[in-house]
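Open the model in your viewer and keep the selection tool ready. The stops below say what to select and what to look for there.

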Amino acid sequence: MSRLQSPSALKRKRPDSNSQGMTDQESVVYKLIHEKENMGIWVRDIKRSSNLQDTIVNKSIKTLLDKGMIKEVINVQNKTRKTYLAAEFEPSPELTGGAWYDDGNLDVDFINAVKKLCSQKIKQLKVATVESVMDSVKASGAFKADLKKNHFEEIFGALVLDNEVMEVESNGMGEFAGIKVGKVCYKAIGKRRVGAAAAAAAAAEPRIGAMASIPCGVCPRISSCTPDGVISPGTCVYYQKWLDF
Amino acid sequence: MVSQHGILYAVHLITNQFGNLVAKVCECLLRNGALTLQAIVRRTELSPAKVRNCLLVLIQHNCAQAFILEESVSGEDAGEPGKALTQYIALFVNILHRVRFSKFMDVVSKELGGSCGELFRGLLEHGRLTVKQIVDRAGANAKESTNTVQEDLGKLVMAHYVECCPAPEPLVPPPDADTKKRAKSSKVMVEPLTLEQRVMAVAMPSAMRRFSFVPNADQVADDQQNVNQPPSKDVGEKRKLHDLESDTALEEEVECNWRANFEELLRRLRHKTCVDTIKVRFDDAAATVLSAMLEASRAEEDKVKTANSVPLSLNTIYEEVVKNEKNHSMTFDHVRTCLEELSCPPTFVKTDDESYSIDFTKITEAAQSEEIESIVLKRFGETAYKIFRLLFRAGCLMETDKIADRIFAEKKETSKTLFKMWQDGYLLMELLVLCKHLNILPPAIKCYCICRNWLWAVQTGPSYGGSSYLLWKVNKRLLRETILDEMFHAALNLNLRLAHEIDQNKEVLNLPPDKREGPDKQKFDRLRNVRLLIHSSLMKLDDAIMLFHDF
């Protein structure tokens, strides 16, 4: 018997176990996972940091999962990596992808719904800031998810890339009256027409450029096309289709 | 430097209009730059007489220019030391203008009327004419009096649509003297002029001489000079190569004084493009205001590619707007509002202390972006469209995952699209490798290696135990060059396809109208529609070529 042992330690312990019913190896693995809190840890990192054999680590993880002490989460940055979190933590946005992901997959329907509503609000307001649209959307109660300002900024960025709205800076005058000079605002893209002209413009197809309106402009084989080659204007099937009145 | 398909397109245009021999000489010049007569003879394997005639045709139609370099010539064509030799250079821009004659005619006729338009047509068809030839042609065609013709010519010169021809063989100074002179007066770094630009800068007469037309003075001079000349060819007919080979009169130089001023015409077309761009992005009122600004500042513009118009006050702009009867209902406040809207970013109109000037560069860039985005959308799809807009606006390298997040797309799809765009030359790709360990550095220090060669990174990256990231960027200058070359290629293809269609249906074309029945009539109708479609597509594509090449 060791002199250092306390009276409670007199009770003989089961070999390789602790007070939570975990073996030493399981405890090491759990500690590594718990330390990462809501960031989670990749199984390979566990193996590297613990210096335990692969089989022991795998067995420990399985046991901890069965006990409900840890959970497996999908890492949207790298879906093939098995990532584990202590049960009491919620996965961070870096792991889950944030508000726009559902179960590791991009929630396209939700994103499109938010984009559509924001676009409508911008059209109604004529000149809109992120804050004004955010307040309007939250007040409408359209979405259960708690969307923050940065979420709306991401949506507005996407609408700009879709060419539905344009980003401008307020000059404090005219339609920007009431908005601080230099503040970033958004306006719907589209000509300011009224009545029948507006309806006609809305119904019209988007403008196609000169190059995009001919077969060569969008041909994936244009680099192989030569006047007398196998692929040539004379033999081109895209031209055949284009000129088939 | 003209791109490969630019050369092929230009050669095709010359072949169609002047025949194979002239096209061969033209291609030789386009591919090799400036050459002497002997060098052209050697390269084309044509006789000196034929080469000379071809050069005369090209010069007559402003597609080539002769010149002499001031410095001594060395190399294969060296004659006596210090003896300057005449060289010839193809004028690629002017060759492209040959498909725009109908647009130029439209500009001139709308502004100056039908009779000026008809006179102008003659100059386009014949390249360059003396006053006497212009008068003779007008008399033969429309029986117009000399005074009327001279009046019309005066109007065209006053409007700068017609100019005095450049010097036939100007002496071009060495580039060092020229660059130093320009660098002294300008504090901004100036791109060196191409040889073509240097030659034309020297060849052009002074502004006063270039647009100075005195009625009857030229005719007297022509009469005196032509007294002992053999009779020239009829002015009413265009020069064809088969005529040249037997026409000894052309062995002597024909004096031609006047030609179309393509610079001014290009400027008009650039203005039209700017107005159209504003009309699409804003509304008709904004386009009207811009149009008025262009008209008011027209006289001060001296270059096609000028960056900004001269500043104008609000009063001046308003007065110009209401000059047009159609705009009488526009109020002063409405004009001011339009200017304020145009001044918002992306700032098509700059304001400075109550004056307004047009930013041509911004408008041109906006129109170019629209054209490129249209191609990207149709060729690569919606995801690529968003990626392109993101990278174009960012102007810097962005990592794949970051791009996927910003456009709300799956990372796999984003990666696939990025590679497709990169393969077609629309994006640049760079590989960033994060290395934890390097032999020469302590293990704790991370170092970053930017590796341009993808294969090299694959071989060495894993051995360092690091991670690699692909970064993407749009190089605007390279992309514009790629797009322009594709446009030349597409224009050539449209022409070749039209020729193919006509060739396939020549029997139907040769049938008299009353014999076209049933399937023959259907073929004929189809061919008519094919011609219309291809012609209109060519005109639209040429507008895009101007946008990327000339504006």
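Start with chain B as a whole: among its contacts (heavy atoms within 4.5 Å) between residues at least 6 apart in sequence, 71% join residues at least 24 apart. This is a predicted model, in which local features need pLDDT of at least 70 and side-chain atom pairs count only at pLDDT 80 or more, while totals for chains, interfaces and linings use all residues. Residues are numbered from 1 along each chain as its sequence is written, chains are lettered from A and ligands numbered from 1 in the order in which they are written, and side-chain values use heavy atoms, with hydrogens and water left out.

**The two chains**

Keep chain B selected and colour it by secondary structure. Chain B has 26 helices and 13 strands; helices (H or I, at least four residues) and strands (E, at least two) are DSSP runs, numbered from the N terminus. Of the 551 residues of chain B, 47% are buried, where buried means under 20% relative accessible area, exposed over 50%, and partly exposed in between (1.4 Å probe, protein chains only). The accessible surface of chain B is about 27800 Å², and 52% of it belongs to carbon and sulfur atoms. Such areas come from the Shrake-Rupley method with a 1.4 Å probe; for residues, only the protein chains shown count as cover.

Now select chain A. Chain A contains nine helices and eight strands. Of its 245 residues, 34% count as buried. Among contacts in chain A between residues at least 6 apart in sequence, 45% join residues at least 24 apart. Chain A exposes about 15000 Å², with carbon and sulfur atoms supplying 52% of that area.

Two packed helices are described by the angle between their axes and the distance between the axes. Axes are lines fitted to C-alpha atoms, for helices over the stretch in contact, and angles run from 0 to 180 degrees between N-to-C directions.

Select residues 262-281 of chain B, which form helix H15, and then residues 360-380 of chain B, which form helix H19. H15(B) and H19(B) pack at an angle of about 70°, with their axes 10 Å apart. That makes H15(B) roughly perpendicular to H19(B); angles of 65 to 115 degrees count as roughly perpendicular, under 35 as roughly parallel, over 145 as roughly antiparallel, and the rest as oblique. The crossing of H15(B) and H19(B) is left-handed, a term used if the near helix is turned anticlockwise from the far one by less than a right angle (right-handed if clockwise).

Next, show side chains. In H15(B), the residues that meet H19(B) include B:Arg270, B:His271 and B:Cys274. On the H19(B) side, B:Phe360 and B:Glu370 are among the residues in the contact. By class, this contact has six nonpolar, three polar and three charged residues. Here Ala, Val, Leu, Ile, Met, Phe, Trp, Tyr, Cys and Pro count as nonpolar, Asp, Glu, Lys and Arg as charged, and the others, Gly among them, as polar.

Is B:Thr277 buried or exposed? With 9% relative accessibility, B:Thr277 counts as buried. B:Thr277 lies in helix H15 of chain B. Apart from neighbours within four places in sequence, B:Thr277 is in contact with B:Ile363 and B:Ala367.

Select B:Leu171, which is in strand S5 (residues 171-172) of chain B. B:Leu171 is partly exposed, at 48% relative accessible area. Which residue has its C-alpha atom 6.0 Å from that of B:Leu171, though 101 residues apart along the chain? That residue is B:Glu70. Leaving aside neighbours within four places in sequence, B:Leu171 is in contact with B:Ile68, B:Glu70 and B:Val202.

Then go to B:Glu45, in the loop between helix H3 (37-44) and helix H4 (48-60) of chain B. Phi of B:Glu45 is near 60°, a positive value in a residue other than glycine. B:Glu45 is exposed, with a relative accessible area of 71%.

Finish at B:Glu354, in the loop between strand S8 (349-352) and strand S9 (355-358) of chain B. Its phi is near 70°, again positive in a residue other than glycine. B:Glu354 is exposed, at 64% relative accessible area.
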